[in-house]
Amino acid sequence: MLYVFGFDRVGVAVSDIYFVDPNPANGQEGAERGVRLELRKLEPGELKGSIYSARPITVERPLWRIDLLESVNGTPGSFDRTHHHPGIDGWEPGRRVFDKELSGEPLKWLGERLADLEGVLDSAGVDRDEVSPADVAGLRERAQEIVDTVGRLLDGVRSGDLATPPGDSSATGVRASWL
């Protein structure tokens, strides 16, 4: 499942994810599942026909990522693998940053961050010129709607409807997700 909330120059992409790290850190072995959210650049394309034609939209590079993950064999609701990536280099995420507040109250933590786009950019080392005032205002206005969507996706993960392993999940390095 993929949701994209678009504003002016950035958007928020949210998807369920099932993941097995091919080279896990100590204590991070085994399958993970949950919801991934990325703040992404958006690029509107040129019209391909008349003024009435559909406009191509490109969901571009990530600026920030949060992974609300749990170990598949762990306790549901533990958020034991929940982390964020405050830094991203091109398309590659920086290191996982674990935060007790994020794991303790992930939806509250997320809502606070989404309502403070400038603070997120500062902590991620992203120039504020990457976004417009319309992005800041739009994200602040829609933060709760995005948090509610993440909550519904988490419910789908816990019910077993989302973030399911692909057909052959015995391989090392498995990822099933839009993001």
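**Labels and their cut-offs**

Student: What makes Arg61 and Glu130 a salt bridge?

Tutor: Their closest N and O atoms are 2.8 Å apart. A salt bridge needs a side-chain nitrogen of Lys or Arg within 4 Å of a carboxyl oxygen of Asp or Glu, so the pair qualifies. Arg61 lies in strand 4 and Glu130 in the loop between helix 3 and helix 4, so the bridge ties together parts that are 69 residues apart in sequence. Helices (H or I, at least four residues) and strands (E, at least two) are DSSP runs, numbered from the N terminus.

Tutor: Ground rules: this is a predicted model, in which local features need pLDDT of at least 70 and side-chain atom pairs count only at pLDDT 80 or more, while totals for chains, interfaces and linings use all residues. Residues are numbered from 1 along each chain as its sequence is written, and side-chain values use heavy atoms, with hydrogens and water left out.

Student: Why do Arg61 and Glu130 count as partly exposed?

Tutor: Buried means under 20% relative accessible area, exposed over 50%, and partly exposed in between (1.4 Å probe, protein chains only). Arg61 has 28%, so it is partly exposed. Glu130 has 21%, so it is partly exposed too.

Student: How do you know that Glu112 and Arg113 form a salt bridge?

Tutor: Their closest N and O atoms are 3.6 Å apart, so the pair meets the cut-off. Glu112 is partly exposed at 39%. Arg113 is partly exposed at 24%.

Student: Is the pair Arg65 and Glu38 buried or exposed?

Tutor: Arg65 is buried, and so is Glu38. They form a salt bridge, with the closest N and O atoms 2.7 Å apart. Arg65 is in strand 4 and Glu38 in strand 3, so parts 27 residues apart in sequence are tied together. The structure holds 12 salt bridges. Glu32, Arg81 and Arg96 are linked in a network of them.

Student: What makes a set of residues a nonpolar core, and how many residues has the largest one?

Tutor: The set must be buried Ala, Val, Leu, Ile, Met, Phe, Trp, Tyr and Cys residues joined through side-chain atoms within 4.5 Å. The largest here has 33 residues. Val12, Leu37, Leu39, Trp64 and Leu114 have the most contacts inside it. Among the elements that give two or more residues are strand 2 (10-20), strand 3 (32-44) and helix 4 (133-159). Helix 4 gives the most, with nine residues.

Student: Which residues does Leu37 contact?

Tutor: Contact means heavy atoms within 4.5 Å. Leaving aside neighbours within four places in sequence, the partners of Leu37 include Val12, Trp64, Leu110, Leu114, Ile146 and Val150.

Student: How do you know that the buried residues of helix 3 lie on the same side?

Tutor: The buried residues are Leu117, Val120, Leu121 and Ala124. They cover an arc of only 100° around the axis (from the directions from the helix axis to the C-beta atoms), so they are on the same side of helix 3. Their cover includes strand 3, strand 4, helix 2 and helix 4. Gly125 follows helix 3, with a positive phi near 75°.
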